[in-house]
Amino acid sequence: MVMKVRLTRFAALSLAAALSLAGCASDDGQQKSEDPSPSADASAQSGDVAVTEVKEPIFAVEQERGSAPTLSFSGDAPAELTRYVMDADSSGADIAADDTVYAHYHGQVWDGEVFDSSYQRGAPTAFSLEQVIPGWQSGLTGLHVGDRVQLSIPSQYGYPEGTPDGSIKPGETIVFVVEIIDAIGVDAEAPDAGEPIADAADVGVDLTATDDTLKASLAEGAEIGPEVEVHQLTAGTGAEITNDGQAVALTYPFSPDGSALGDPERTQLDAARMPELVGAKEGARFLFLAPASAGAPEQIIVFQIVKAFTP
């Protein structure tokens with residue numbers, strides 16, 4: 001899957017387990033992918049990489065937009081990060097380097113095997129361009145919603161040390177066909193939170209609003225239970241999440257110790273990872289409670305749905 005990056009500020013049995021996808025941290029706290037996908041890798045370089053734009057296909061592609069492509073290759077892989085726009089849509093919104101992008105993609109080793117494909121899984125994926133390999137961040141930045149592109153990513157901008165499962169070897173060039181369906185900016189605001197439907201005080205949590213965050217803390221005498229709990233607090237006012245196959249973008253203040261909150265954070269997930277989201281609308285607020293585990297503190301977090309993506 002396209003997002004394999006665990007949010008390093010949360011423990012496995014916490015909001016990270018529900019809001020992020022599989023991944024593992026290196027000893028220095030950086031992220032390393034457990035399987036080959038365009039997720040962030042500790043050994044990769046910065047995403048600020050020059051892109052060589054070409055006017056002819058980098059490789060041959062069969063099948064049209066919306067279907068898993070079949071790729072064929074001739075000659076050697078490009079030495080640079082290379083992009084070819086197959087189908088352009090200049091009317092679509094520009095893609096910025098910190099956007100959350102919703103896309104179909106197909107990944108393959110140059111003249112080798114397929115290692116990951118959202119087409120084969122049957123649903124597009126949402127991911128932040130700040131949490132992917134440099135070849136993806138730079139390769140997609142500057143494109144438009146609606147574009148379908150080819151990317152050829154040399155090893156140094158992808159997986160220079162290969163992947164743990166061996167499907168990408170050290171030094172191998174990887175290629176992608178990417179179909180950009182939608183995107184939102186990092187500063188995109190959620191719709192109005194809507195009418196209250198539950199009170200955090202009912203589950204022993206006190207919420208204190210500031211200008212742009214919420215302070216969440218346990219009420220006197222209250223305790224977090226042994227299981228993760230997700231409670232919807234408001235109805236939301238935007239589009240409804242109708243099924244667990246939808247991807248959503250969320251924003252939330254972060255509380256590493258269950259009390260003081262910092263600046264809002266942003267992540268994305270498929271609703272299947274948190275079924276409580278289905279039936280809610282964009283703008284809805286939720287309360288997430290998780291017990292301490294694996295040396296990590298308990299979690300008391302309020303998050304809000306910013307966007308429900310639709311294929």
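Phe73 is buried, with a relative accessible area of 17%; buried stands for under 20% relative accessible area, exposed for over 50% and partly exposed for anything in between, with a 1.4 Å probe and protein chains only. The model is a predicted one, in which local features need pLDDT of at least 70 and side-chain atom pairs count only at pLDDT 80 or more, while totals for chains, interfaces and linings use all residues. Residues are numbered from 1 along each chain as its sequence is written, and side-chain values use heavy atoms, with hydrogens and water left out.

**Aromatic pairs**

Let us stay with Phe73 for a moment. Its ring forms a tilted aromatic pair with Phe59. Rings of Phe, Tyr and Trp (for Trp, the six-membered ring) pair if their centres lie within 6.5 Å; planes under 30 degrees apart count as stacked, over 60 as edge-to-face and the rest as tilted. Phe59 sits in the loop between strand S3 (52-53) and strand S4 (60-62), and Phe73 in the loop between strand S5 (70-72) and S6, so the pair ties together parts that are 14 residues apart in sequence. Helices (H or I, at least four residues) and strands (E, at least two) are DSSP runs, numbered from the N terminus. Phe59 is buried as well, at 3% relative accessibility.

The structure holds nine aromatic pairs, and two of them are set out here.

| Pair | Centre to centre | Angle between planes |
|---|---|---|
| Phe59 and Phe73 | 5.5 Å | 45° |
| Tyr105 and Phe176 | 6.4 Å | 55° |

The pair of Tyr105 and Phe176 is tilted. Because Tyr105 lies in strand S7 and Phe176 in strand S11, this pair ties together parts that are 71 residues apart in sequence. Tyr105 is buried at 0% relative accessibility, and Phe176 is buried with a relative accessible area of 0%. Both rings belong to one aromatic cluster, together with Phe115, Phe127 and Trp136.

S7 and S9 pair in the antiparallel sense over four bridges, where pairing requires at least two bridges found by DSSP. Ala103 has Thr125 as its bridge partner in S9.

Is Thr82 buried or exposed? At 4% relative accessibility, Thr82 counts as buried. Thr82 lies in strand S6 (residues 82-87), and its side chain reaches the backbone oxygen of Glu80 at 2.9 Å. Leaving aside neighbours within four places in sequence, Thr82 is in contact (heavy atoms within 4.5 Å) with Thr52, Val54, Ile58, Gln150, Leu151 and Ser152.

Pro196, in the loop between S11 and strand S12 (205-209), counts as exposed at 63% relative accessibility. With neighbours within four places set aside, Pro196 is in contact with Leu233 and Thr234. The C-alpha atoms of Pro196 and Ala235 are separated by 6.4 Å, although these residues are 39 residues apart along the chain.

How values were computed: Polar contact = N/O pair within 3.5 Å; in protein donor to acceptor, adjacent residues only side chain to side chain.
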